[in-house]
Amino acid sequence: MDLRLSESDEAFRAELRDWLARTLPELPTEPARDDWPARVRYDTDWQRRLFDAGYAGMSWPKEYGGRDAPPSEQLVFLEETTRAKAPYVGVNFVGTLHAGPTLIAEGSDPQRAQHLPRILRGDEVWCQCFSEPGAGSDLAGLRTRAVRDGNDYVVTGQKIWCSFGHVGEYGELLVRTDPDAPKHRGISWLILEMDRPGIEVRPIETLLGSSEFCEVFLDEVRVPVENRVGAENDGWRVTNVTLSFERGTAFVSEMVDARQLAEELRPLTAEPADRRELGRVLAALDALWALTVRNVTQASRGVVGPGALMFKLAYSEARDRLGELSMRLLGRGAFDVHDERVEERLRTLSIPIAAGTSQIQRNIIGERLLGLPREKSWE
Amino acid sequence: MNFDLSDDQVALRDGIRKLCEGRFDMARVRRGFDRSVFAELAETGVFSARADGFAWADVSIMFQELGRALVPGPLTWSHLAHGRVDGVVGGVERPRGGEPAYLEQIDVLDALVVLDRDGVEVVAPSALADSIELDWPLDPLTPVRRITALPAGERVGDAGLARTWRRGGALLTAAYQAGMAQACVERATAYGLERHQFGRPVGSFQAVKHLLADMAVQAEVARTAVDAAACVLDDPETGDVDRAVSGAKVLAGDAALANAKGSLQVHGGMGFTWEVDVHLYLKRSWVLNATFGSPTAHAEALAR
Ligand SMILES: Cc1cc2nc3c(=O)[nH]c(=O)nc-3n(C[C@H](O)[C@H](O)[C@H](O)COP(=O)(O)OP(=O)(O)OC[C@H]3O[C@@H](n4cnc5c(N)ncnc54)[C@H](O)[C@@H]3O)c2cc1C
């Protein structure tokens, strides 16, 4: 057991730093947060640069154009790019981290050939249309219907909270193809071209006043059967296969930022109570960094340890404490959301909700890890 | 980078766990620390481990297991002093400003080490004849004597040694507490499955399930912090030693206390009894939070 990076990891770090130092000054200035066409150009331009330099798809297998980097290199990559204040994954999020890996694991050859190279180069933007007004935590209760008609599915229903829905060219769409089967067994996974007739996308304003996610209305939208990923009614399994793909690195950039913010708060803590709280937050963030390193180590051996199921809950709480501490220390300075720390406080309110709420995380830990009785209503 | 237990470390952990299950079951633990406990632990190498070539990471794994089983005694001090002061060794930080000192396990000690600003002293237990045994100590497994004025002893180490011992002591105490925190999760979970109310196991109620989930997370995060601190102590280039050790002491101290209390809550009325072991974990966590720096003090140090 050790925390030492290998020589080749350090060599990778040096090479990456060098590339970042040359590349970042060439970037255009960051667009305004509501200028979506400009944001798409900016984020996909960054993805293209990563691709050209061989840094796109760090975790993707080589045969699909990825780097197939060892987990330690993925960690170094995320750490260094975040520290250097390189652009975030932005609108490339769903494509590179979710849809791409799903197609790698479950897609047909033509689906892979069509999408994977374009996702890696930043030529395609994806969004995720899973949640519905009536199906959030209970995602498997989704009701958007897909009825087979010749070589098409005819899809009708409503999706909500689709991040980047208004700029996505493709959507990951979960639909109900068998309304009579038990709820987990009647779901299929479709690739949705977002410009098909019958689709209406309406942005939702977040509590930041920005529009990061959307409602998507589907009215008899025809989707070719060949767009289905995996077998009919096997969509629930397809959805879950992808989750193991991140190998525990999902929150690395987040955490680098959080630790940096915590360091910046150090000189502001004059009161003993605030110093102690900062100390506790620092301890938690350090430990969560170590937990990430552990999860990544285990994932590289195909092991899913308890830490993998616990990380998000623990991080949600540490991040909330950090956010509250920064608000307290800023005092009336926090009235101005242009202060990045205030914006961060607002943005991070979504962490205990998105991608499985903290209550759902506790259910999972209690039932899968501790072996406590499952709720009857899950089935 | 391989931040997970090696095969040897898994074997070490399992070996100590088996030893504890076989030799230090709760009936024996409840009889408290004595020379036979010391002798058996010494034979296993708990005190000589680093002299025998084991790393801090290994010793920390041993102490996590000892804490899980709540094996009593001045284990940390005896480990730190090994090779410098022989026998059963206890220790204490010299109180500032002439306050009384609370000394643990004096009746079984060969020597008491005292840390202060200038270094390390050794005091013979015979010099503590003035001390008075507490007839109602907080932790029944940690007998305590109170002495108004702690006599001066023989200096055996400088301020550098005292610092090293404080650091090692904080790490091993944190390791022990991380093990305690984990034991509380396991015991409370087992009770949550066994105890039925309203026709079902109480662990199926979400309020209880979520409490147990939070306890499990706290224990795991603490354990990770302890492992990381031990690795940094073994290889200081990979981090900041003081920061890592303080972080471990904060998280393990908080986890041991919170999980003992959580366990008490899950046990209901049974948790308030002498018979059930929960109170022993809770009381020890208070004792250890007042040893080698409180979580609060370490948190302050981190923020400086
Ligand atoms: C910033 C952000 C981005 C998102 N992006 C996407 C996206 O791109 N695509 C997409 O499909 N979705 C997205 N989501 C949706 C997200 O996955 C859901 O919001 C989330 O799963 C919770 O569902 P809900 O909002 O319907 O809350 P609900 O499920 O209605 O939950 C309401 C409350 O009830 C609690 N609760 C529910 N069930 C239980 C239970 N069994 N036990 C205990 N408590 C329970 C919850 O914890 C919560 O406190 C996003 C959400 C956010 C905030």
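Predicted model: local features only at pLDDT ≥ 70, side-chain atom pairs only at ≥ 80, totals over all residues.
**A strand pair, its sheet and the A–B interface**

Val114(B) sits across from Glu121(B), a residue of β4(B). Strand β3 of chain B covers residues 111–116, strand β4 of chain B covers residues 119–123, and the two run antiparallel to each other, joined over five bridges.

Zooming out a bit, these strands belong to an open sheet of four strands in chain B, with the order β1-β3-β4-β7 and mixed pairing. The edges are taken by β1 (89–93) and β7 (154–158) of chain B; each has a single partner strand, so one side of each goes without a neighbour in the sheet. On average, and with direction ignored, neighbouring strands are turned by 25° against each other. A helix also packs on this sheet: α6 of chain B, residues 159–194, touches β1, β3, β4 and β7 of chain B. The direction of α6(B) makes about 75° with that of β7(B).

Now for how the two chains meet. On the chain A side, 48 residues are in contact with chain B, and 47 residues of chain B are in contact with chain A. Interface size is often quoted as the accessible area that is lost when the parts come together. For chain A and chain B, the buried area comes to about 4,200 Å², with carbon and sulfur atoms giving 60% of it.

Between chain A and chain B, 25 residue pairs are in polar contact, counting pairs with both residues at pLDDT 80 or more. As for which parts of chain A are involved, the elements giving two or more residues to the side that touches chain B are α3 (71–83), α7 (252–265), α8 (272–299), α9 (306–330) and α11 (358–369). Of these, α8(A) gives the most, with 18 residues. Sorted by class, this side of chain A has 22 nonpolar, ten polar and 16 charged residues.

What about salt bridges? Side chains of opposite charge can pair when their charged atoms come close. Between chain A and chain B the count is 13 salt bridges. One of them links Arg294(A) with Asp4(B), where the closest N and O atoms are 4.0 Å apart. Over all chains, the count comes to 70 salt bridges. An example inside chain A is the pair Asp18(A) and Arg22(A), whose side chains meet at 3.6 Å, N to O. Both residues lie in helix α1 of chain A (residues 7–23), four residues apart, or about one turn of the helix.

Definitions and conventions
Residues numbered from 1 in each chain as written. Chains lettered and ligands numbered in written order. Heavy atoms only, no water. Contact = heavy atoms within 4.5 Å. Buried area = accessible area lost by both parts, 1.4 Å probe. Polar contact = N/O pair within 3.5 Å; in protein donor to acceptor, adjacent residues only side chain to side chain. Nonpolar A, V, L, I, M, F, W, Y, C, P; charged D, E, K, R; others polar. Pairing = 2+ DSSP bridges. Axes fitted to C-alpha atoms, helices over the stretch in contact; angles between N-to-C directions.
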